Amino acid sequence: MVRLWFALGVVVVVLTVYALVDCALLQRSRVRGLPRWVWMFVIVLIPVIGPVLWLLIGRGRASTGKIVRSFAPDDDIDFLKGLDRATSDQERLRALEQELADLDAPDPRDLGAAGTTDTTGQGSQGSQAGQNGQAGFEPKKSEPGEGDLPGRRDA
């Protein structure tokens, strides 16, 4: 009978020490019901019931991380910012495409100047360039030393 009482006493002491250390080291967000210091008094002053209450009531579950709260799409600020960002990205893309298209288009000054005279009555250079091919541009004449060699890496 003495062995049984001794074993029960060891179990109560181990349970009390475990609950006290667990209460002291647990994250503040997981302590439920009472403040941490009150739980520590309950664990120490009420030998068997205090640690059991701590393990069942006071110790909260481990959180899975970020608390996810559902929003309606018009209430979610991040969603609304994403819409503005997507709209501005589309506008930027359209502006870049228009700029590239403008760069690819022939210069209207060169096209209009081909074969016409300016205000002084003299012929423009565009008429001479128009005879060579594109208005205002002469084709590049490549020479053998300028990179047309087959062994070059950048060719």
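This talk goes through one predicted model, helix by helix, and ends on a single charged pair.

First, conventions. The model is predicted, so local features need pLDDT of at least 70, and side-chain atom pairs count only at pLDDT 80 or more, while totals for chains, interfaces and linings use all residues. Residues are numbered from 1 along each chain as its sequence is written, and side-chain values use heavy atoms, with hydrogens and water left out.

Now the overall picture. The protein chain has 6 helices and 0 strands, where helices (H or I, at least four residues) and strands (E, at least two) are DSSP runs, numbered from the N terminus. In order from the N terminus, the elements read α-α-α-α-α-α. Of the 155 residues in the chain, 13% are buried. Buried here means under 20% relative accessible area, exposed means over 50%, and partly exposed is in between, with a 1.4 Å probe and protein chains only. As for contacts, meaning heavy atoms within 4.5 Å, take those between residues at least 6 apart in sequence: 43% of them join residues at least 24 apart.

I start with α1. This helix has 24 residues and spans 34 Å from its first C-alpha to its last, close to the 34 Å expected at 1.5 Å a residue. The expected span is 1.5 Å times one less than the number of residues. Thr 16, Ala 19, Asp 22 and Cys 23 are buried in α1, and the cover over them includes α2 and α3.

Next, α2, residues 36-45. Which residues of α2 are buried? They are Trp 39, Val 42 and Ile 43. Looking down the axis of α2, these fall within an arc of 100°, so they line one face of the helix; the arc is that of the directions from the helix axis to the C-beta atoms. The face turned away from that buried side carries the exposed residues Trp 37 and Leu 45. Covering the buried residues of α2 are elements including α1 and α3.

Leaving out residues up to four places away in sequence, Trp 39 touches Cys 23, Val 31, Arg 32, Gly 33, Leu 34, Leu 53, Trp 54, Ile 57 and Gly 58. Met 40, also in α2, counts as partly exposed at 26% relative accessibility. Met 40 and Thr 16 are 24 residues apart in sequence, and their C-alpha atoms are 9.9 Å apart in space.

Then α3, residues 49-58, where Gly 50, Pro 51, Trp 54 and Gly 58 are buried. They cover an arc of only 100° around the axis, which puts them on the same side of α3. Ile 49 and Leu 56, on the other side of α3, are exposed. The cover over the buried residues of α3 includes α1 and α2.

What makes up the largest nonpolar core? It has 8 residues in all: Ala 19, Cys 23, Leu 26, Val 31, Trp 39, Val 42, Ile 43 and Trp 54. The elements giving two or more residues to this core are α1 and α2, and α2 gives the most, with 3 residues. By definition, a nonpolar core is a set of buried Ala, Val, Leu, Ile, Met, Phe, Trp, Tyr and Cys residues joined through side-chain atoms within 4.5 Å.

Last, the charged pair. Side chains of opposite charge can pair when their charged atoms come close. Taking a salt bridge as a side-chain nitrogen of Lys or Arg within 4 Å of a carboxyl oxygen of Asp or Glu, the count comes to 1 salt bridge. The side chains of Asp 22 and Arg 59 form that bridge, at 3.2 Å, N to O. Asp 22 lies in helix α1 and Arg 59 in the loop between α3 and α4 (77-104), so the pair ties together parts that are 37 residues apart in sequence. Asp 22 is buried, with a relative accessible area of 12%, whereas Arg 59 counts as partly exposed at 28%. Setting aside neighbours within four places in sequence, Asp 22 is in contact with Trp 54, Leu 55 and Arg 59.
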